[in-house]
Amino acid sequence: MELSVLQEEFMKLYQINSYEHWFYDHDIGAFHFKSDNGRDLYFKYIDVGSFSTKRNTWMWSWDNKSTPKQVAKGLEKVKAYGEENNFNELSRGLVENGDEYTGWEFTAITAKLLNAIGAYRIQQEHLFIYFIFTNELTQEQYDELKDKYVGCESHGTGRIAFVCQHLLEGSNLGFHEVFDSNPLIEPENDYQAWCDKCEKAWERERAWTENFKAFTDLKIVCDQCYFDIKRRS
């Protein structure tokens with residue numbers, strides 16, 4: 001579906017222009033539209049990229065060091081599509097000699113590849129920033145998202161995850177997950193993992209007993225730390 005048609009349906013369904021205020025939160029990847037009469041509308045988004053009117057350049061968000069990885073998640077598919085089809089502008093982080101229509105062109109391609117329900121553009125000084133919306137959020141879902149992310153000294157803000165105390169102390173200790181994880185797919189539940197010793201303790205206890213909880217002593221980490229630990233385990 002072409003972006004113009006998608007946008008027409010999106011704007012008609014959600015009446016975006018009837019909201020006087022907007023906010024976006026890179027920590028949780030959620031966009032909030034708010035009206036003066038108390039109406040609220042929430043969407044999960046992907047930050048596609050930005051166009052600089054000062055330099056006439058486009059930068060994909062995955063190449064922007066100031067953009068958290070979680071809001072660029074999914075763009076790997078766009079990058080891979082560019083590499084497979086020799087469309088270099090989709091796989092190169094910075095695209096020169098563009099214009100504001102360049103941003104809409106790349107947003108349209110992204111929206112089609114990632115099955116967006118709509119798109120949006122905001123302006124911050126000399127930058128136009130482009131988003132696609134993947135799904136609407138209820139107030140409850142929006143509030144729950146705030147509890148799913150944690151600050152990290154190494155990676156900034158990331159999705160919350162849990163690992164046993166032993167996995168923080170060394171490598172090659174084994175890595176047992178509650179469910180199979182994939183850094184490219186947003187999970188429904190929190191990442192959780194423990195080492196070989198904790199797995200043996202679980203086999204003995206088969207329940208979250210006080211002994212098992214004390215032995216594992218789960219620690220909170222961000223998702224990027226979680227996958228770093230997974231790689232070295």
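Which residues are exposed on the other side of α1? In this predicted model, they are S4, E8 and K12, and the legends below begin with that helix.

**View 1. Helix α1 and its buried face.** Helix α1 covers residues 3-14, and its 12 residues reach 16 Å from the first C-alpha to the last, close to the 16 Å expected at 1.5 Å a residue. The buried residues of α1 are L3, L6, Q7, F10 and Y14; seen down the helix axis, they fall within an arc of 95°, so they line one face of α1. These buried residues pack against β3, α4 (100-113), β6 (118-124) and β7 (127-137), whereas S4, E8 and K12 are exposed on the other side of the helix. Just after α1, Q15 takes a positive phi of about 50°.

**View 2. Strand β2 between its two antiparallel partners.** Strand β1 (residues 21-25) runs antiparallel to β2 and is joined to it by five bridges, with W22 having F33 of β2 as its bridge partner. Four residues lie between the strands in the hairpin of β1 and β2, where G29 takes a positive phi near 65°. Five bridges also join β2 to β3, and these two strands again run antiparallel; here H32 has Y42 of β3 as its bridge partner. The hairpin of β2 and β3 has five residues between its strands, and in this turn G38 has a positive phi of about 95°. Because four of the five residues of β2 are buried, the strand is largely enclosed by the rest of the structure.

View 3. S35 lies in the loop between β2 (30-34) and β3 (40-52), and it counts as buried because its relative accessibility is 4%, where the cut-off is under 20%. The side chain of S35 makes a polar contact with the side chain of N37 at 2.3 Å, and the S35 side chain also reaches the backbone nitrogen of R39, at 2.8 Å. Leaving aside residues up to four places away in sequence, S35 touches S18, Y19 and E20.

View 4. A search of the whole structure finds 38 aromatic pairs. One of them is formed by Y24 and Y45, which are edge-to-face, with 6.3 Å centre to centre and 80° between the planes. This pair links strand β1, which holds Y24, to strand β3, which holds Y45, across 21 residues of the chain. Y24 counts as partly exposed at 23% relative accessibility, while Y45 is buried, with a relative accessible area of 2%. F33 and F133 form another edge-to-face pair, with 6.1 Å centre to centre and 90° between the planes; F33 belongs to strand β2 and F133 to strand β7, so this pair links parts of the chain that are 100 residues apart. F33 is buried, with a relative accessible area of 1%, and F133 counts as buried at 0% relative accessibility. One aromatic cluster includes Y24, Y45, F33 and F133, and among its other members are F10 and Y14.

**View 5. R206 in the loop between two helices.** R206 is found in the loop between α6 (196-205) and α7 (210-216). With 56% relative accessibility, R206 counts as exposed. The C-alpha atoms of R206 and G170 are separated by 25 Å, the two residues being 36 residues apart along the chain.

Note on methods:
Residues numbered from 1 in each chain as written. Predicted model: local features only at pLDDT ≥ 70, side-chain atom pairs only at ≥ 80, totals over all residues. Heavy atoms only, no water. Buried < 20%, exposed > 50% of the residue type's maximum accessible area, 1.4 Å probe, protein only. Polar contact = N/O pair within 3.5 Å; in protein donor to acceptor, adjacent residues only side chain to side chain. Contact = heavy atoms within 4.5 Å. Expected span 1.5 Å × (residues − 1). Arc of directions from axis to C-beta. Pairing = 2+ DSSP bridges. Phe/Tyr/Trp six-rings, centres within 6.5 Å; stacked < 30°, edge-to-face > 60°.
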